[in-house]
Amino acid sequence: MVDVILETRNLTRHFNGFTAVNDVSVKVRRGHIHALIGPNGAGKTTFFNLLSKFLTPSAGAIVFKGRDITDATPAQIARQGVIRSFQISAVFPHLSVLDNVRIGLQRKLGTSFHFWRSERSIACLNDRAMDLLASVNLVAFAHDIAADLPYGRKRALEIATTLAMDPELMLLDEPTQGMGHEDVDRIAELVKKISADRTILMVEHNLTVVAGICDRISVLQRGSVLAEGTYAEVSADERVIEAYMGSGPQTLAGVH
Ligand SMILES: Nc1ncnc2c1ncn2[C@@H]1O[C@H](COP(=O)(O)OP(=O)(O)O)[C@@H](O)[C@H]1O
Ligand SMILES: [Mg+2]
């Protein structure tokens, strides 16, 4: 049996009579990197906002590990292990890179143990924070102020602060957006690496990244699921090709 960690059932969202997300039923398998792609205006961001609870669905349900989370708050789903990078775990620009990760770890641990009073637990926290920085290749930047990091490194830090909360399902909203080639490759590699022991659902525009690291792809168009499958499957689908042809500069050509 396939282990589904997250499922949407007929998820729908209207805005003043306009249907941005229309009857979307998607299953995300545990351990997968699952991508959500589609032309501009397809409803990707709206769908993501429904999942991460920034928007309420007009109809349908969201089920995480068999439990209905349709009416849960962002904080409630975070406690259950669903964390959206770049919003829940904002980076504090005036703090150091290391402190940002430490704060993420403290949020995960909660405040009930007063662990900051014990030097041993602080040392333990530092070790864990440095491990996380190592996993996103930021050790050399540990004592830099977050605001001073180059753009690609800032996104890596955001991923580290999200990882600090140890999500079971990580929601990534266009992790490579606005990046040059080198950063795109680095972030894609990083996402692949951190997916080893968790599930990732990501909106991603860069089809080379999608082709390179994603196990399964759902293609949205005009609020509905147009196609679903591996990259090889969806990129060979006539309807998908057509949808991308009509959407300007973004094409499937040249991506294998
Ligand atoms: N808050 C809103 N109010 C009205 N229409 C919206 C709102 N948010 C999104 N939409 C519309 O829903 C459609 C899907 O938008 P969006 O989810 O941002 O698409 P994508 O992220 O795939 O580009 C678009 O036509 C957009 O104009
Ligand atoms: Mg969008």
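Helices (H or I, at least four residues) and strands (E, at least two) are DSSP runs, numbered from the N terminus. The model is predicted: local features need pLDDT of at least 70, side-chain atom pairs count only at pLDDT 80 or more, and totals for chains, interfaces and linings use all residues. Residues are numbered from 1 along each chain as its sequence is written, while chains are lettered from A and ligands numbered from 1 in the order in which they are written.

Select ligand 1 and the residues around it, where a C-beta atom placed from the backbone lies within 6 Å. They include Phe15, Phe18, Ala20, Lys44, Thr45 and Thr46. Helix H1 (44–51) and strand E2 (18–29) each supply at least two residues of this shell; H1 gives the largest share, 3 residues.

Next, select strand E1 (residues 4–15), which runs antiparallel to E2 and is joined to E2 by 8 bridges; strands pair if DSSP finds at least two bridges between them. Val4 is opposite Arg29 in E2. At the hairpin, 2 residues lie between the strands, and Asn16 has a positive phi near 45 degrees. E1 also runs antiparallel to strand E4 (residues 59–64), with 5 bridges; Leu6 has Phe64 as its bridge partner in E4.

Finally, select Val101. Its contacts (C-beta atoms, placed from the backbone, within 7 Å) include Ala129, Leu132, Leu133 and Ala160, not counting residues up to four places away in sequence.

How values were computed:
Two residues are in contact if their C-beta atoms, placed from the backbone, lie within 7 Å.
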